[in-house]
Amino acid sequence: MAETTPVTMTIDQEQGRLDAVLGQAKLPYSRSTLANWIKEGLVLVNDQAVKRSYVVKQGDVVSINPPEVKETALEAENIPLDIVYEDDDLLVVNKPQGMVVHPAPGHSGGTLVNALLYHAPLSTINGEFRPGIVHRIDRDTSGLLMVAKNDQAHHALAAELKAHKTQRIYYALVKGNFEENEGTIDAPIGRHPKDRKKQAVVGDGREAVTHFKVVERFAGYTLLELALETGRTHQIRVHLAYIGHPVVGDSVYGHQDKIFNIKLPGQLLHAKTLVLTQPKTQEELRFDSALPPLFEQVLRELRENQGS
């Protein structure tokens with residue numbers, strides 16, 4: 001078990017719900033983490049367990065007792081990684097299509113996390129099975145992913161992501177043609193009402209905003225550049241299917257698995273550009289990755305077909 005440091009604070013003039021007050025305080029923990037700890041009885045007010053909705057008063061003494069960090073039971077695996085950047089605080093990895101980011105039922109090994117554990121120490125705050133993982137991309141989506149090597153970096157990167165300051169630019173080949181050159185899809189996303197394994201645009205979903213620009217037009221297909229304002233599960237794939245332009249190769253939200261007799265192992269969606277702030281130096285770091293060979297092959301076929 002790793003040692004943890006309790007935090008004690010006395011409420012001065014701040015008042016409001018406990019979870020909101022702690023979320024606004026300059027603490028090295030995310031608001032969701034603090035909310036979970038309140039629920040688990042790890043946050044006390046005047047030595048008493050309270051609910052998240054407890055309204056703090058002047059003079060209240062709040063003690064935060066982080067749980068002991070369990071050593072991960074995951075196996076470190078010597079799997080090659082395409083590391084685009086690395087320093088003492090973070091890594092940027094170019095994930096290949098088909099690699100699962102972290103262990104889950106049916107994928108206990110061979111994941112990006114297994115490979116990362118072999119390479120470097122990782123942050124611990126995201127749980128035993130997701131060490132270092134600040135954000136995810138789908139198994140069959142390729143591209144850039146930032147990974148935290150310590151908890152301080154993880155908190156900083158997660159806060160920047162939550163504040164919509166991290167730039168994440170994707171390229172996707174989609175079905176159909178666009179009359180407009182650019183636009184925004186603003187539609188809430190939540191669990192699919194009938195298929196619990198899928199996401200969908202639903203009225204009571206969470207806010208989800210995707211901006212798109214047309215990069216190149218083909219007969220029956222369009223290459224798009226997409227910028228995420230929010231980061232919901234499957235957001236780009238759900239949004240594009242919702243407007244009638246599913247990502248080519250997406251077997252969950254579309255149907256096409258072949259193009260020009262090229263078998264597609266998954267959606268042609270690539271996390272191409274990532275811009276973030278280095279947690280300690282505050283330097284802006286910008287990374288760009290080339291489209292995978294299969295993605296480029298499909299584009300070449302479309303261009304040749306266009307010119308024939």
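The model is predicted. Its largest nonpolar core has 28 residues, and a second, separate core has 17.

**Nonpolar cores**

- The residues with the most contacts inside the largest core are Leu 116, Tyr 170, Leu 224, Leu 226 and Leu 240.
- In soluble globular proteins, nonpolar side chains tend to be buried together.

**Leu 224 and its contacts**

- Beyond four places in sequence, Leu 224 touches Tyr 170, Tyr 171, Ala 172, Val 174 and Phe 178, among others.
- Its contacts also include Phe 212, Lys 213, Val 214 and Val 215.
- Leu 240 is another contact of Leu 224, and both are among the residues with the most contacts inside the largest core.

**Helix 5**

- Helix 5 is mostly covered, with six of its eight residues buried.
- The buried residues are Gln 235, Ile 236, Arg 237, Val 238, His 239 and Leu 240.
- Gly 244 follows helix 5 and has a positive phi, near 85°.

**Strand 18 and its partners**

- Strand 18 is mostly covered: eight of its nine residues are buried.
- Strand 9 pairs with strand 18 in the parallel sense, over two bridges. Gly 143 has Ala 271 of strand 18 as its bridge partner.
- Strand 10 runs antiparallel to strand 18, and six bridges join them. Leu 269 in strand 18 stands opposite Ala 172. Ala 172 is also one of the residues that Leu 224 touches.
- Strand 19 (residues 284–288) pairs with strand 18 in the antiparallel sense, over five bridges.
- Strands 18 and 19 form a hairpin with six residues between them. In the turn, Gln 282 has a positive phi of about 65°.

**Glu 284**

- Glu 284 is found in strand 19, and Thr 277 stands opposite it.
- Its relative accessibility is 56%, so Glu 284 counts as exposed; the cut-off for exposed is over 50%.
- Leaving aside neighbours within four places in sequence, Glu 284 is in contact with Val 275 and Leu 276.
- Thr 166 is 118 residues away along the chain, yet its C-alpha atom and that of Glu 284 are separated by 9.9 Å.

**Second largest pocket**

- This pocket has a volume of about 230 Å³ and is lined by 20 residues.
- Lys 95, Pro 96, Gln 97, Ser 142 and Pro 292 lie nearest its centre.
- By class, the lining has twelve nonpolar, six polar and two charged residues.

- An open sheet of four strands has the order 1-6-3-4, with antiparallel pairing.
- Strand 1 (7–10) and strand 4 (48–49) stand at the edges. Each has a single partner strand, so one side of each is left without a neighbour in the sheet.
- Strand 3 (residues 43–45) and strand 6 (residues 61–64) run antiparallel and are joined by three bridges. Val 45 stands opposite Val 62 in strand 6.

- Most residues other than glycine have a negative phi.
- His 164 has a positive phi, near 60°. The residue is in the loop between helix 4 (151–162) and strand 10. At 47% relative accessibility, His 164 counts as partly exposed.
- Phe 260 has a positive phi, near 55°. Its place is the loop between strand 16 (258–259) and strand 17 (262–263). At 34% relative accessibility, Phe 260 counts as partly exposed.

How values were computed
Residues are numbered from 1 along each chain as its sequence is written. This is a predicted model: local features need pLDDT of at least 70, side-chain atom pairs count only at pLDDT 80 or more; totals for chains, interfaces and linings use all residues. Side-chain values use heavy atoms; hydrogens and water are left out. A nonpolar core is a set of buried Ala, Val, Leu, Ile, Met, Phe, Trp, Tyr and Cys residues joined through side-chain atoms within 4.5 Å. Buried means under 20% relative accessible area, exposed over 50%, partly exposed in between (1.4 Å probe, protein chains only). Contact means heavy atoms within 4.5 Å. On a 1 Å grid over the protein atoms alone, a cavity is a set of points where a 1.4 Å probe fits but cannot get out, and a pocket is an open set with protein on both sides within 12 Å along at least five of seven lines; lining residues have an atom within 4 Å of a point. Grid points are joined across faces, edges and corners, and a volume is the space filled by probe spheres set on the points. Ala, Val, Leu, Ile, Met, Phe, Trp, Tyr, Cys and Pro count as nonpolar, Asp, Glu, Lys and Arg as charged, and the others, Gly among them, as polar. Two strands pair if DSSP finds at least two bridges between them.
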